[in-house]
Amino acid sequence: MMKKTLIKINNEKAFSCVCDGFIMGVKRYSFGFGKTYDVSEIKKIVKETKKEVFVSLNRTIYNWELDDYKNVLNELDGLGIKGLIVGDVAALTYDLKTNIILDQTHLNNSSLTINHYYNNGVAGVVLTNDITKDEINLISKNTKALLFKQVFGLPHLSSSARKLISNYMEYFNKDGRSDHYFIRENKKDDYYLVKEEETGTYIFSGKPLNLLRVIDELSVDYLIIDDYMLDGDCLPMVAKAFYERDLSKSEMINEKYGANTGFINVKTMYKVKNNE
Amino acid sequence: MNKKVELLAPAGDLDRLKFAIMYGADAVYIGGNKYSLRANAKNFNLEEIKEGVKYAHENNAKVYVAVNIVFHDEDTSGLGEYLKSLYEIGTDAVIFSDPLVIDVAKKWAPNLELHLSTQASVMNKDAAKYYKNLGVKRIVLARECSKKDIKEIIDETALEIECFIHGAMCTNISGSCVLSNYFTNRDANRGGCCQVCRFNFNLYDENSALVSDDDNFSIAPKDLSLASYLEEMINVGISSFKLEGRMRSSYYVATTILTYRRLIDMYVNNLRDEAYISRAIKILQRCANREVAPQFFNAFPGKDEQYYLGRQENSNQDFLGVVLGYDETKKEIILEQRNYFKNGDKVTVFAPKMDDYSFVVDGLSDDEGKALEAARHPRQVVRIRCDKMVPVNAMMRVNFLD
């Protein structure tokens, strides 16, 4: 299967990376992006680049935002972008010509679920990071939907509508000026990244995913590379390694970022009682 | 007002299902052994669901079965047959989050009523319309919806809308959290959630400097209670008022359901009683083991809706026992004990079709009539002198109100 490499744009420099296309965030409707754009900026970039451009509105939408959200989608619809990546099924009820790619972070884990959306107008889905390589390949066998998979970057763990950092700072009368934070349990080694944005608070794994070693075994259409909240200086090297399938760089990436392969070879437990 | 609204109770097993209905629930929701988001609960097998449905229908109540996991391919085998069986035994609806259930139900049990779980996090009218167009009858809205959102969704979609009114809350948008997967390898969206949002953490800034006082950083929310907003919720047009807690005790279910039953009936029948409202709020607060807040319904939650007391939870021994019978000759309650009490203690007996009755224990004996100073042993059957006849399955608690 021919796989294309997409770079998530977290800063302007990322546009110069070797890849097949980009994923751009939209002001107000995207989370987990180092930089977001308004429609006119996206329009300009789409005109200038020969690469595929996907635009992500990956957030769940409040009722009061719907009119503006719909307007933004309609404006984007005429720009000739390759796909609109949406997080809310509200977008599936609109008459949009652009391919809709569904990204519900953790909800699309099975062939039947993905086929449900495919049969209801969705062209593709961003797969969760919570399933294994075997599960991904089984889904690929069973669906015609385009499959997108994050192969590098910090996995998203949770989204809260609440201002979890600001609330804590206010409650304990602390001065919080950090761009982002980390949490760690007592006596545990693992850190997790916490980022409060205007739209809520998001928690990411403290260690990035690096699936370079397994990408040839993954039956997906698009590989997503995301340096959100990571040292961006290495992004060109990482992008090139994935684009050229240069597996020899895998260890270097692991060492540089403390990366791992997440759940790609590890099943999560389901019925706790049976497994304990 | 006089609007019909449904009071929907959680039931972790058949015993609690019966108590919930006895104490005033119009409907209960339960989990089967498969496909339910409380993998660690006792849950129901098909025979038990059948018995629960029979009991519910005989008492004019409904049973909804949660089929609300986010499916992986390995979970889907047998789902069609399961949905068909649920329909055949008279289940009133299934609560699902994964849309594959819509397609499977269409094939195997086309007349099975479908309710969309809060796990799908519907927060707007257009998302609601997506599901309505696919035949979904009811939506349990995301707990992040405000009163204004809820009203507009109801007005624009004419769907039945179900909202949580009481119980524990996720701090994250339901379905959008896999903290449990990463912290413990337990799959949050398949029933294994270990509630990482209740943990305490050390908080560090971007330069790795410790910000928190030791590990007092928490993302935990207070529990939800909308007891003070019921009238507004009824007026908005919400169809079903849901209590969280399939793993809670029969005492918790009976107390909360009875209290909400009385509050709802009071508002629906325009019989506002400030004294009862005040008592009801106290009962609900006492029954909860954590602080409560209205969360997103009336305003966007801030610091006061967060919970910073760590895993500290108030537990009490208020539940003293279940009434097994009443000896009219001797004027004695026959009670199965749950917590320690003694002569001289102030207690209250409560049951669905009687006013709460409070008295001081004065005359306590074992089942054979031997006098006791105290009821010390769990499940011990004791007799308590009481002039008022109380019904079987009434409950006795500490009198914490007077």
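Biologist: Where is Gln195(B) in the chain?

Modeller: Gln195(B) is in the loop between helix 7 (179–184) and strand 8 of chain B. Its phi is near 60°, which is a positive value in a residue other than glycine. Most residues other than glycine have a negative phi. Keep in mind that this is a predicted model.

Biologist: OK, and what is phi of Met229(A) near?

Modeller: Phi of Met229(A) is near 65°, again positive in a residue that isn't glycine. You'll find Met229(A) in the loop between strand 14 (222–225) and helix 6 (235–243) of chain A.

Biologist: Is Met229(A) buried or partly exposed?

Modeller: Partly exposed, with 19 other C-beta atoms within 10 Å. The cut-off for buried is 20 or more, so Met229(A) falls under it.

Biologist: Back to strand 8 of chain B. Which strand of chain A do bridges join it to?

Modeller: Strand 10 of chain A. Three bridges join it to strand 8 (residues 202–204) of chain B, and the two run antiparallel. Phe182(A) has Tyr204(B) as its bridge partner, and Ile183(A) has Leu203(B).

Biologist: And what's the order of the open sheet of five strands?

Modeller: The order is 9(A)-12(A)-11(A)-10(A)-8(B), with antiparallel pairing.

Biologist: Why is one side of strand 9 of chain A left without a neighbour in the sheet?

Modeller: Strand 9 of chain A stands at an edge, as does strand 8 of chain B, and each has a single partner strand, so one side of each has no neighbour in the sheet. Ignoring direction, neighbouring strands here are turned by 25° against each other on average.

Biologist: What does helix 5 of chain A touch when it packs on the sheet?

Modeller: Helix 5 of chain A touches strand 9, strand 10, strand 11 (192–197) and strand 12 of chain A. Its direction makes about 90° with that of strand 11 of chain A.

Biologist: Let's do the interface. How many residues of chain A are in contact with chain B?

Modeller: 54 residues of chain A are in contact with 57 residues of chain B. The elements giving two or more residues on the chain A side include helix 3 (111–119), helix 4 (133–142) and helix 8 (272–275). Helix 5 of chain A gives the most to that side, with five residues.

Biologist: How do the residues on that side divide?

Modeller: Into 24 nonpolar, 19 polar and eleven charged for the side of chain A that touches chain B.

Biologist: Switching topic: which residues have the most contacts inside the largest nonpolar core?

Modeller: Val125(A), Ala20(B), Ala25(B), Val28(B), Val94(B) and Ile257(B), in a core of 215 residues. Helix 9 (residues 250–268) of chain B gives the most to this core, with ten residues.

Biologist: What is Ile257(B) in contact with, leaving aside its neighbours within four places in sequence?

Modeller: Leu7(B), Ala9(B), Ala20(B), Tyr23(B), Gly24(B), Ala25(B) and Leu243(B).

Biologist: Now the sheet in chain B with seven strands. What order is that in?

Modeller: Its order is 16-15-20-12-13-19-17, an open sheet with antiparallel pairing. Strand 16 (354–360) and strand 17 (364–366) are the edge strands, each pairing on one side only. From one strand to the next, the twist averages 30°.

Biologist: How do strand 12 and strand 13 of chain B pair?

Modeller: Strand 12 (residues 319–327) and strand 13 (residues 332–337) of chain B pair antiparallel over six bridges, and Val323(B) stands opposite Leu335(B). Their hairpin has four residues between the strands, and Lys331(B) there takes a positive phi near 55°.

Biologist: What pairs with strand 13 of chain B over five bridges?

Modeller: Strand 19 (residues 381–385) of chain B, also antiparallel. There, Ile333(B) has Ile384(B) as its bridge partner.

Biologist: Last one: what pLDDT does chain B average?

Modeller: Chain B averages 93, and 97% of the residues score at least 70. The model scores ipTM 0.95 and pTM 0.94.

Terms used:
Residues are numbered from 1 along each chain as its sequence is written. Chains are lettered from A and ligands numbered from 1 in the order in which they are written. This is a predicted model: local features need pLDDT of at least 70, side-chain atom pairs count only at pLDDT 80 or more; totals for chains, interfaces and linings use all residues. Two strands pair if DSSP finds at least two bridges between them. Axes are lines fitted to C-alpha atoms, for helices over the stretch in contact, and angles run from 0 to 180 degrees between N-to-C directions. Two residues are in contact if their C-beta atoms, placed from the backbone, lie within 7 Å. Ala, Val, Leu, Ile, Met, Phe, Trp, Tyr, Cys and Pro count as nonpolar, Asp, Glu, Lys and Arg as charged, and the others, Gly among them, as polar. pLDDT is the predictor's confidence in each residue, from 0 to 100. A nonpolar core is a set of buried Ala, Val, Leu, Ile, Met, Phe, Trp, Tyr and Cys residues joined through C-beta atoms within 7 Å. A residue is buried if 20 or more other C-beta atoms lie within 10 Å of its own, exposed if 12 or fewer, and partly exposed in between; C-beta atoms are placed from the backbone.
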